[in-house]
Amino acid sequence: MIKKTLLEALTLIGLFALVAACIDLDIIYFKNRMTEASVTESMQLIFLATTAFCFFRLGKVNPDLKRAAYLISAFYLVLLIRENDEILDLIYHGAWQAPAILVTLLALFYAYKGGKETLTHMSTILSAQNMRFVVTGTIMLLVFSRLYGMGKLWEALMEDKYSRIVKNVSEEGIELLCYSLIAYGALKVLCELSKARPNAES
C-alpha cells in the first residue's frame with residue numbers, strides 16, 4: 001500500500017513538473033505569448049485527446065459501461081473541439097460550434113436511448129476510485145480557472161500596468177494543470193475498470 005501510494009505521488013510530481021516545464025519552455029526559451037502553437041496549448045490538446053480516448057476505449061473493452069463511457073468521452077471531445085476554435089475559425093468565425101453541437105446531440109441521444117442503463121453505467125464509473133482525479137480536475141477547470149481568469153481580478157491587481165499576456169500565461173498554466181490531472185485520472189480509470197469486465201468474457 002505504501003509502495004503504491006509513493007509511486008502515485010511520484011507520478012503526480014513528474015506530471016506537474018511537466019506542466020511547469022511546458023510553461024517555462026514557452027516563456028523562457030520560445031518567448032511566445034501562449035498562442036495556439038505554444039507548447040502549453042499543444043499539451044492541453046494532447047491531454048484532452050487522451051482523456052476522450054480513454055473513456056471511448058473504456059466503452060469498447062467494457063460494454064457494461066459503454067453508455068456512460070461514450071457520453072463522458074463526448075464531453076471531453078467537445079472541450080477538445082472548443083480548444084481548437086482559433087484553427088476552425090480559419091474556415092469561418094465560430095466554426096467550432098457545428099462539430100461540437102453535433103457530437104453533443106449524438107452523445108445525448110445515445111445516452112437517452114440507454115435509459116436507466118445509462119444511469120447505472122454512470123454510477124459505476126463515478127464510483128471508481130480514480131474518478132476523483134477526473135472530477136476534481138474538471139471542477140477546477142470549469143469553476144476555479146474561470147473565476148481565476150476573470151479580467152477584473154487581473155486589472156485590479158496590476159492596475160495601470162495591466163498586461164493581458166501575464167493573465168493568459170497564468171490562466172493557461174492553470175488549465176494545463178487541470179487537463180493533466182483529468183488525463184491522469186482517465187488513464188487510471190481505464191486501467192481500473194477494464195479489469196472489471198463482464199465475467200462472461202473471462
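How many helices and how many strands does the secondary structure of the protein chain come to? The count is 9 helices and 0 strands, where helices (H or I, at least four residues) and strands (E, at least two) are DSSP runs numbered from the N terminus. This is a predicted model, in which local features need pLDDT of at least 70 and side-chain atom pairs count only at pLDDT 80 or more, while totals for chains, interfaces and linings use all residues. Residues are numbered from 1 along each chain as its sequence is written, and side-chain values use heavy atoms, with hydrogens and water left out.

**Whole chain**

Start zoomed out. The C-alpha trace spans about 65 × 50 × 30 Å along its principal axes. Of the 202 residues in the chain, 43% are buried; buried means under 20% relative accessible area, exposed over 50%, and partly exposed in between (1.4 Å probe, protein chains only).

Select residues 2-29, which is helix 1. Its 28 residues should span 40 Å at 1.5 Å a residue, and the end C-alpha atoms are 39 Å apart, which agrees; the expected span is 1.5 Å times one less than the number of residues. Colour E8, L12, L15, V19, C22 and D26: these are the buried residues of helix 1. What covers them includes helix 2 (39-61), helix 7 (131-148) and helix 9 (164-194).

Next, pick K31, in the loop between helix 1 and helix 2. K31 has a positive phi of about 50° although it is not a glycine. Most residues other than glycine have a negative phi. Is K31 buried or exposed? K31 is exposed, with a relative accessible area of 64%.

**Into the core**

Now show side chains. The largest nonpolar core has 37 residues, and those with the most contacts inside it are F55, L58, Y76 and I125. A nonpolar core here is a set of buried Ala, Val, Leu, Ile, Met, Phe, Trp, Tyr and Cys residues joined through side-chain atoms within 4.5 Å. Helix 1, helix 2, helix 3, helix 7 and helix 9 each give two or more residues to this core. Helix 9 gives the most, with 12 residues.

Centre on L58. Leaving aside residues up to four places away in sequence, L58 touches L65, A69, I125, V189, L190, L193 and S194. Apart from this core lies another, of 7 residues, with V78, I81, W96 and V103 among them.

Then go to C54, in helix 2. C54 is buried, with a relative accessible area of 2%. Which residues does C54 touch, not counting those up to four places away in sequence? They are A186, L187 and L190.

**Two pockets**

Switch to a surface view. A pocket is, on a 1 Å grid over the protein atoms alone, an open set of points where a 1.4 Å probe fits, with protein on both sides within 12 Å along at least five of seven lines; lining residues have an atom within 4 Å of a point. The largest pocket has a volume of about 410 Å³, volume being the space filled by probe spheres set on the points, with grid points joined across faces, edges and corners. Of the 18 residues lining this pocket, E41, R82, E83, D85 and E172 are the closest to its centre. Helix 3 (66-83), helix 4 (85-88) and helix 9 each supply at least two lining residues, and helix 9 gives the most, with 7. The lining divides into 3 nonpolar, 3 polar and 12 charged residues.

For the last stop, select M1, K4, T5, E8, Q129, N130, R132, K188, C191, E192 and K195, which line the second largest pocket. Helix 1 and helix 9 are the elements that give two or more residues to this lining. About 260 Å³ of space lies in this pocket, and its lining divides into 2 nonpolar, 3 polar and 6 charged residues.

Methods
Contact means heavy atoms within 4.5 Å. Ala, Val, Leu, Ile, Met, Phe, Trp, Tyr, Cys and Pro count as nonpolar, Asp, Glu, Lys and Arg as charged, and the others, Gly among them, as polar.
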